[in-house]
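Take a walk through this structure, one part at a time. Keep the sequence beside you as you read.

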Amino acid sequence: MRNMKEFIQEFGWPRIIIFFFLISLFVLAPFVGVRLDASISDVLNRFGQYAILVLALVPMIQAGCGLNFGLALGIIAGLLGSTLSLQFELKGFMGFFGAIAFATPFALLLGYGYGKLLNKVKGEEMTIAMYVGFSFVMLMCIMWLVLPFNSPTMVWGFAGKGLRTTISVEYYWIKILNNFLAIRIGRFFVFPTGLLLFVGFCAFCMWLFLRSKTGTAMTAVGSNPDFARASGVSSDKMRTISVVISTYLGAVGIIVYQQSFGFIQLYTAPSPMVFPAVAAILIGGASINKASMVNVLVGTFLFQGLLTMTPSVINSILQTDMSEVIRMIVSNGMILYALTRKMKVSK
Amino acid sequence: MKAAGSRKRTIVVRSCLGAFYVAILVIMLLTGKRHTILIDNKAAEDASYEAVDGMSVQIDSLKSSEFYPGDRDKVVVSGQRHKVKVEIFNSGKVEERSFVLPLGQDMLILSVPKMLAGKEPWFGPFTLQQEQRTSTETTVEGGEMSFGGEVVDTAPVKP
Amino acid sequence: MSATKKKSLSTFLSEYAVVIIFVLFTLAAIAPSRLSIVYIVQEVITRLGRNSFLVIALLLPIYAGMGLNFGMTLGAMAGQIGLIFAVNFGVGDWQGLVFASLVGLPISILLGWVCGSVMNRAKGREMVTGYILAFFISGIYQFFVLYIMGSVIPIRNSAILLSRGYGIRNTLNLESVRQSLDTIFLLKAGPFSIPVVTFAIIALLCIFIVWFKRTKLGQDMRAVGQDMAVAEAAGIPVEKTRIIAIIMSTVLACVGQIIFLQNMGNLMTYSSHDQTGFFAVAAILVGGASVTRVSIANVFIGVILLHAMFIVSPLAGQNLFGSAMVGEYFRQFIGYGVIALSLVLYAWKAKKAASNARSSLRGQATGNGNGNGGQA
Amino acid sequence: MANDEPLLSIKNVSKEFYGNVVLQNVSFDLRAGEILGLVGENGAGKTTLMRILFGMPVIAETGGFKGSISIEGKEIGFSSPFDALDAGIGMVHQEFSLIPGFTTTENIVLNRESMHPSLLNEVFGERMSILDRPIMKKRAEKAISKLGVKLDPDMLVSEMPVGHKQFTEIAREVSREKTRILVLDEPTAVLTESEAEVLLASLKRLSSDGVAIIFISHRLQEVVEIADRIVVLRDGLAIKDIPAKGVTIKDIASWMVGRSVSSDVASRLKDRCFGEEILSVEQLWVDMPGETVRDVSFSVCSGEILGIGGLAGQGKLGIPNGIMGLYPAGGSVRLHGKDIVLNQPAGALKAGMAFVSEDRRGVGLLLDESLDWNIAFTAMQVHGQYLKPVLGGLFSQRDEKGMAILCKEYIELLDIKCTSHKQKAKELSGGNQQKICLAKAFAMKPDILFVSEPTRGIDVGAKKLVLDTLRKYNREYGTTIVMVSSELEELRSICDRVAIIDEGRIAGILPPNADLADFGILMAGLELSPEAAPAAAVETNNA
């Protein structure tokens with residue numbers, strides 16, 4: 001009994017409520033005429049689509065930089081990569097990995113600068129990250145208009161310059177991962193093998209990294225920077241590394257998202273991508289200074305499950321679309337919960 | 001004791017404030033409540049009174065307007081007590097009446113000929129089947145988390 | 001002598017970096033915008049009346065050491081609910097505004113109390129917490145306005161409802177109260193028209209703020225803002241004081257939003273409040289305030305500069321780059337950039353001040369490096 | 001001037017923290033207008049006694065205290081410091097509790113401002129009253145004049161010199177009409193000599209106005225100069241309570257530290273032989289807040305245990321922290337004759353030094369991580385141990401198995417009480433946490449080990465075990481140890497030489513069996529009498 005209580009305390013009520021809510025949605029689904037196989041397929045698809053973006057938050061949380069509200073920087077690096085890949089007419093796997101390759105230098109550069117900045121403002125990282133992200137998104141909005149892209153699929157037809165708000169990747173690398181070794185069962189169920197394999201690969205790499213010497217040092221910096229310093233580890237360096245990795249994964253994550261979603265979304269689109277990712281990892285059980293692979297996978301699944309199932313099930317019951325409101329309340333409520341949770345005494 | 005006295009006074013003052021709050025709310029509701037009055041100059045269907053052939057009608061101190069048979073115009077007024085002043089061109093006769101509108105009515109019709117003929121009721125509720133529905137009908141826009149101030153400064157300000 | 005002068009110049013520059021950058025940008029953009037000075041000045045006057053009240057709402061939490069109150073959006077939502085009710089009951093003119101404020105008052109007090117309590121649980125992270133809280137409450141607000149109004153709460157004016165029978169429309173026409181405050185007494189001075197009553201209300205608020213700083217509560221707020229531990233030890237109820245600061249800020253934001261919207265003339269039911277916090281915070285930072293230090297002058301300087309910039313930049317963008325969107329994006333970039341820059345400068349300065357304070361503790365230690373040796 | 005009825009009387013006060021006896025049957029009286037000098041080593045119980053007197057909640061939270069305290073014959077039981085203030089006890093703490101952006105006046109009358117009610121009082125309560133600044137200023141000036149010092153009532157605290165801050169705090173206590181008893185905890189610690197003189201003069205003034213003062217200071221000459229009566233605390237006992245007249249500094253010093261020297265020290269020292277000089281420190285300064293080191297030079301021989309003692313705040317903690325690169329430092333440190341680059345923890349660790357920090361929970365441990373992480377982490381980062389190559393050395397992974405073995409080895413060796421090597425460090429008791437810190441340092445296999453306050457906050461049994469472990473490592477592996485501790489007895493029982501630090505400098509180095517009074521005098525910042533000095537010199541020559 002006491003164990004149960006402790007478990008609940010540790011895990012937190014909001015998460016348990018969300019968990020049971022999701023389960024009840026799945027149970028209810030068949031009764032209100034929602035196909036379960038289609039729903040599960042949908043959830044798996046969206047899980048794969050978002051998982052790497054959520055994974056990108058792990059290193060910074062581990063290194064004590066808090067929730068990366070500046071993930072938009074990584075996403076922008078990814079956008080640069082994918083637009084360049086389209087510009088050079090790269091198709092298929094070539095196009096997909098080409099996009100990642102193009103994104104790499106941008107991600108590393110942005111991540112490095114961003115990391116250096118965050119080192120200068122320790123303690124205020126989260127608010128500043130948010131606004132650095134926002135202002136960079138706005139700067140890039142101008143860039144999308146003036147950069148000399150000229151591929152006809154990407155620029156506005158009538159003006160002949162300036163990128164469109166959404167660009168289809170249909171003739172390039174749409175669903176390149178989703179369809180790789182995909183398993184079809186029946187009309188409605190598709191298992192996106194390639195996508196999940198790629199997500200698994202990334203998560204495994206992260207797992208390996210966290211077990212390396214550098215990864216261990218990074219975790220120690222997040223856990224107690226003074227301890228790490230006394231052990232000869234430079235906390236600034238570790239924090240910078242964590243930010244670079246986070247930014248890079250953000251870039252990879254958005255490219256994976258695009259191939260599954262089918263479109264590249266530019267301009268102000270990167271900003272709203274960040275909060276759901278943050279909410280997902282928190283729902284998975286992470287706090288603002290500890291996160292694990294399990295948190296990422298469970299959290300993404302729960303959150304995306306919730307987002308997929310609420311519209312279909314709730315709408316069938318109530319005959320109205322409340323999913324948007326539920327999404328806002330759940331995701332922001334979750335972040336709020338994590339921020340106000342009394343920090344464990346670590347000093 | 002002094003403290004008890006001042007506490008009592010505080011309670012009195014605070015409850016007065018509560019009453020004041022309610023009072024202001026009610027006063028604002030009463031005086032600020034808008035009513036649309038349709039001024040009508042039509043003959044009765046049963047021909048019991050006739051439309052006035054040329055007159056000017058003024059509600060309170062608003063701008064007066066001219067009416068010929070069959071005309072209908074509307075004015076928006078605040079509050080419930082109003083005066084109507086009618087000046088008939090032909091006879092030069094001026095007639096003034098005051099009236100009290102029911103608080104719950106948003107739109108009323110005032111028939112001047114009926115009033116001049118001395119028939120009650122010369123004003124009454126006017127129900128309009130959703131005539132005002134003009135603005136576009138959309139549900140919530142997606143992406144509330146989006147930011148960007150696209151909408152903020154769109155309405156031009158008229159000095 | 002020249003050294004101190006130089007130092008004061010450099011502190012001046014770092015103190016007012018944001019303001020200076022802004023003035024230069026705006027001045028540079030006026031010419032390419034091809035707008036007349038008269039037009040710009042009139043626009044600035046209008047926006048000063050429209051926005052100042054909202055910006056002033058940020059002052060008290062800064063005094064209380066809680067940083068920039070991004071949670072002021074909560075007050076804006078309360079104000080919008082008040083306006084919806086005013087329109088619903090058909091209360092117009094300035095009475096409609098008072099009515100809306102009175103309806104919004106208890107709601108904003110409640111929301112302010114929630115906000116203050118939440119921030120007390122997240123000391124040191126008030127800003128980001130307030131920001132997220134605004135989103136969270138915005139979700140609840142939407143739920144309330146979109147599903148409860150018209151179904152649970154009766155709405156008698158069907159014109160403001162969605163066609164499905166419940167929920168408020170996206171755009172609410174505030175015709176009955178449009179500029180009712182501004183036009184009570186519109187002073188024509190040469191080519192300019194000045195909304196005297198609006199400015200009078202803002203002036204009254206400023207006087208109130210000045211007066212409030214002289215009260216015991218105002219003094220306590222400053223004490224709490226500077227050192228919570230010392231204030232607590234002296235017997236000042238720290239948490240309660242912080243909550244009061246936020247409640248007052250929320251109530252002011254509620255009234256501020258009503259003044260803002262009466263000038264705009266229509267209410268975007270589901271998005272008007274989104275940008276409230278952003279514009280107010282950007283304005284006060286542009287005016288030279290920091291996370292811990294602010295004066296009333298910062299408010300007006302900020303509103304004037306930020307909005308002068310907002311007026312000229314789209315047209316400047318249009319004329320320079322051939323695209324109005326460039327100017328539009330640019331002004332938002334500047335808005336967010338200013339907030340980011342101010343926060344960075346502030347955090348960086350705080351860190352430097354801390355290390356300076358430490359080195360002053362060092363005393364003569366460094367000086368004695370080559371002094372007489374050990375005594376052993 | 002003192003009348004017969006004691007103003008404050010403390011009777012048989014005892015207090016224990018978790019079975020640790022801190023105070024034992026302490027009794028003394030304080031009369032109006034009397035200045036009582038309260039002296040004792042760190043940990044003698046001064047702070048705890050004052051906390052009890054002041055009704056700090058921490059006392060009630062840890063089980064309250066035994067005995068009674070009465071004011072004017074009436075027994076009191078404070079539940080919060082505010083009760084104590086109401087009863088007329090004012091306290092000036094060691095660290096300033098002033099609002100930096102407020103003026104002198106505002107700080108003096110903080111939360112006791114004079115005000116006149118405004119219209120809004122009835123609605124929103126007292127706090128809407130307007131401050132009456134002229135009266136506030138008058139009250140502040142009155143309090144300042146009571147002290148007989150010059151303070152600008154309109155100056156901001158942030159712009160004040162340190163001494164003025166101290167006076168502002170005292171003025172705040174004095175300005176309370178009720179204040180009859182004033183407690184000053186090390187008020188002169190941060191003051192310059194001239195400022196301290198002014199302070200003492202104003203305290204005398206206050207006492208002549210009838211205020212009773214409890215004066216806590218380690219500067220014994222000040223105590224002798226100002227106090228009417230002196231109470232000496234040692235190990236929680238009030239061992240002396242005598243009028244100050246005729247008492248010399250040397251008397252107080254020996255009362256403070258006076259414990260019997262274990263007789264085996266001399267014999268222990270006999271068969272000690274050391275190798276050549278391993279570490280030499282010259283003109284070291286360290287910028288550690290509160291523990292500034294100004295100019296320290298010493299050397300340590302291979303196989304030696306050097307003790308560093310002294311009172312809190314004098315800089316003894318700064319020495320190891322500076323050498324290990326944790327705080328900005330300068331000067332020269334040579335290990336095996338090779339220069340150590342300062343301000344780089346990694347360099348110091350790689351060179352073969354290890355450090356057990358006094359700040360166990362803040363610096364010493366990863367509280368949220370498992371024990372094996374805590375022990376192996378430093379060795380992993382510095383020496384690349386406990387890593388195993390994967391894919392032919394392409395990259396390396398943590399060697400969980402190796403870490404577990406290492407951890408288990410130390411759990412057994414140091415008798416660490418835990419459920420497993422995967423337990424989180426924060427779940428252990430203080431003593432066991434200290435052992436983890438030691439294990440972390442031992443795992444580095446250092447040539448020289450710095451240990452800072454190894455027994456602070458742990459129980460008696462664990463203390464002995466920690467000291468025995470240190471001795472064992474010294475004897476068996478020849479590890480040279482520099483041990484910093486506030487507990488002189490502990491230093492004397494284990495060290496081969498003991499250096500006493502005062503005001504950031506070495507006041508002297510004594511053999512552990514030197515006269516206790518000599519230690520006391522060095523700690524009080526006084527010159528040693530000529531006949532004691534050679535002993536230290538001889539000892540240094542031996543080294």
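**Strands of chain D**

In chain D, β4(D) pairs with strand β5 (residues 74–76) in the antiparallel sense, over three bridges. Two strands count as paired if DSSP finds at least two bridges between them. Helices (H or I, at least four residues) and strands (E, at least two) are DSSP runs, numbered from the N terminus. This is a predicted model, in which local features need pLDDT of at least 70, side-chain atom pairs count only at pLDDT 80 or more, and totals for chains, interfaces and linings use all residues. Residues are numbered from 1 along each chain as its sequence is written, while chains are lettered from A and ligands numbered from 1 in the order in which they are written.

Look at the bridge partners next. D:Ser70 has D:Glu75 in β5(D) as its bridge partner. The hairpin of β4(D) and β5(D) has two residues between the strands, and D:Glu72 takes a positive phi near 50° there. β4 (residues 66–71) of chain D also pairs with β1 (residues 8–17) of chain D. That pairing is antiparallel too, over five bridges. In β4(D), D:Ser68 is the bridge partner of D:Lys11.

Now turn to where chain D meets chain A. Here 18 residues of chain A are in contact with 25 residues of chain D. Contact means that the C-beta atoms of two residues, placed from the backbone, lie within 7 Å. On the chain A side, α9 (213–223) and α10 (225–230) are the elements that give two or more residues. α9(A) gives the most, with five residues. By class, this side of chain A has six nonpolar, seven polar and five charged residues. Ala, Val, Leu, Ile, Met, Phe, Trp, Tyr, Cys and Pro count as nonpolar, Asp, Glu, Lys and Arg as charged, and the others, Gly among them, as polar.

The axes of α12 (residues 276–286) and α13 (residues 296–321) of chain C come within 6 Å and cross at roughly 110°. Axes are lines fitted to C-alpha atoms, for helices over the stretch in contact, and angles run from 0 to 180 degrees between N-to-C directions. So α12(C) is roughly perpendicular to α13(C), a label for angles of 65 to 115 degrees. Among the residues that meet are C:Ala282 and C:Leu285 in α12(C), and C:Val299 and C:Leu306 in α13(C). The contact of these helices has nine nonpolar, two polar and no charged residues.

Is C:Ile339 buried or exposed? C:Ile339 is buried, because 26 other C-beta atoms lie within 10 Å. The cut-off for buried is 20 or more other C-beta atoms within 10 Å of a residue's own, with C-beta atoms placed from the backbone. C:Ile339 sits in helix α14 (residues 324–361) of chain C. Setting aside residues up to four places away in sequence, C:Ile339 touches A:Tyr131, C:Val281, C:Ala282 and C:Leu285.

Which residues touch the most other members of the largest nonpolar core? They are A:Leu57, A:Ala277, A:Val278, D:Ile213 and D:Phe215, in a core of 416 residues. A nonpolar core is a set of buried Ala, Val, Leu, Ile, Met, Phe, Trp, Tyr and Cys residues joined through C-beta atoms within 7 Å.

From the N terminus on, the elements of chain B run α-β-β-β-β-β-β-β-α-β. Buried residues make up 17% of the 159 residues in chain B.

Definitions and conventions. A residue is buried if 20 or more other C-beta atoms lie within 10 Å of its own, exposed if 12 or fewer, and partly exposed in between; C-beta atoms are placed from the backbone. Angles under 35 degrees count as roughly parallel, over 145 as roughly antiparallel, 65 to 115 as roughly perpendicular and the rest as oblique.
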